[in-house]
Amino acid sequence: MPFIELLILNMVLASGIAALGDVATQHAEIYTKERKKRKNKRGGMREGEEVVTTEELVVLDDNGEAQTVEKGTLGIVMKEGGSSFLVVGTDCYQVTDDEIIEATQKYEPARTGRMMAVAGLVFDPLSFTWYYVLLPLIVPGHVGHLTAHQMTRKILWDTIVYGGVVSSVSITANAALQEPTAKHIKHRFISDFPILYGAACVLSIPADIPVFLLVPAKWQAVSFKVMDAVFMLVVSFVINRKIPEFDKKKLVERKRKTAA
């Protein structure tokens with residue numbers, strides 16, 4: 001199969017796997033929130049819980065006036081005197097626990113689209129180039145005739161170097177699509193890289209051995225799609241989890257001022 005056709009095949013497979021993985025992850029997250037909603041009758045939202053809205057939320061501000069919290073807004077839940085508040089930056093809104101949950105548990109097609117774009121247009125061309133072109137140049141050797149030394153070097157290069165590269169690219173590309181600011185990208189990278197890199201290292205070693213031993217270089221990127229399916233579940237959860245982009249100490253201080 002020609003190089004371009006093989007690359008396109010890899011990109012299509014990667015996009016499809018990313019879409020399935022994100023849909024599965026989102027529905028698992030929604031199911032978890034539904035269970036939390038049922039438990040809320042006893043305990044309510046937790047103090048300091050991080051949330052992000054997946055639809056518009058109409059709330060009351062400090063002056064009792066109705067305001068709209070836009071879709072995709074990051075906030076943190078605060079408690080005071082039996083009431084719940086959603087703190088967004090320097091703004092504080094009084095809400096009910098059910099309102100917060102209803103506004104943060106919807107399926108997001110845009111998120112799936114981001115995952116497909118990152119996987120198909122960024123992740124997979126990088127993967128294909130690494131296994132088909134770069135790694136064979138760094139560690140030469142023919143399938144079925146690799147020495148123990150060559151196999152060890154391939155695994156180390158793939159785990160330590162490529163694992164770090166693919167984790168970095170997945171995080172920065174998705175963060176740039178979420179919010180193209182240096183602050184947001186840096187924040188997501190610092191928060192997400194250790195988790196993704198650890199997952200990449202754990203998954204790559206058992207996948208590397210049979211692929212490097214039995215599969216020619218041009219088909220290795222395709223062969224790793226089974227591992228990629230598991231990795232994309234981790235990627236989808238980690239790079240889309242709710243991480244506030246503001247200082248929690250300031251939020252606590254804002255809460256105290258509001259209560260006063």
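In this predicted model, α4 and α7 pack with their axes 11 Å apart, at an angle of about 45 degrees. Axes here are lines fitted to C-alpha atoms, for helices over the stretch in contact, and angles run from 0 to 180 degrees between N-to-C directions. That angle makes α4 oblique to α7; angles under 35 degrees count as roughly parallel, over 145 as roughly antiparallel, 65 to 115 as roughly perpendicular, and the rest as oblique. Helices are DSSP runs (H or I, at least four residues), numbered from the N terminus.

The model is predicted, and local features need pLDDT of at least 70, side-chain atom pairs count only at pLDDT 80 or more, and totals for chains, interfaces and linings use all residues. Residues are numbered from 1 along each chain as its sequence is written, and side-chain values use heavy atoms, with hydrogens and water left out.

**Helices packed with α7**

The crossing of α4 and α7 is right-handed, a term used if the near helix is turned clockwise from the far one by less than a right angle (left-handed if anticlockwise). S167, S170, I171, N174 and Q178 of α4 make the contact with F231, I239 and N240 of α7, where contact means heavy atoms within 4.5 Å. This contact has three nonpolar, five polar and no charged residues. Ala, Val, Leu, Ile, Met, Phe, Trp, Tyr, Cys and Pro count as nonpolar, Asp, Glu, Lys and Arg as charged, and the others, Gly among them, as polar.

α5 passes α7 in a right-handed crossing. The residues of α5 in this contact include R188, D192 and L203, and those of α7 include M227, V230 and F231. The contact of α5 with α7 has 13 nonpolar, two polar and two charged residues.

α3 and α7 are also in a right-handed crossing, and they are oblique to each other. On the α3 side, R111, R114, M115, A119, F123 and D124 take part, and among their partners in α7 are K225, D228 and F231. The residues of this contact divide into eight nonpolar, two polar and five charged.

| Helix pair | Axes | Angle |
|---|---|---|
| α3 and α7 | within 12 Å | roughly 130 degrees |
| α5 and α7 | within 10 Å | roughly 165 degrees |

**Cavities**

A search of the whole structure finds two cavities of 30 Å³ or more. A cavity is a set of points on a 1 Å grid over the protein atoms alone where a 1.4 Å probe fits but cannot get out, and lining residues have an atom within 4 Å of a point. The largest cavity holds about 120 Å³ of space. It is lined by 13 residues, of which Y131, Y162, V166, M227 and D228 are the closest to its centre. Two or more lining residues come from each of α3 (109-138), α4 (148-178), α5 (182-214) and α7 (225-240). α4 gives the most, with four residues. The lining divides into eight nonpolar, three polar and two charged residues.

Key: On a 1 Å grid over the protein atoms alone, a cavity is a set of points where a 1.4 Å probe fits but cannot get out, and a pocket is an open set with protein on both sides within 12 Å along at least five of seven lines; lining residues have an atom within 4 Å of a point. Grid points are joined across faces, edges and corners, and a volume is the space filled by probe spheres set on the points.
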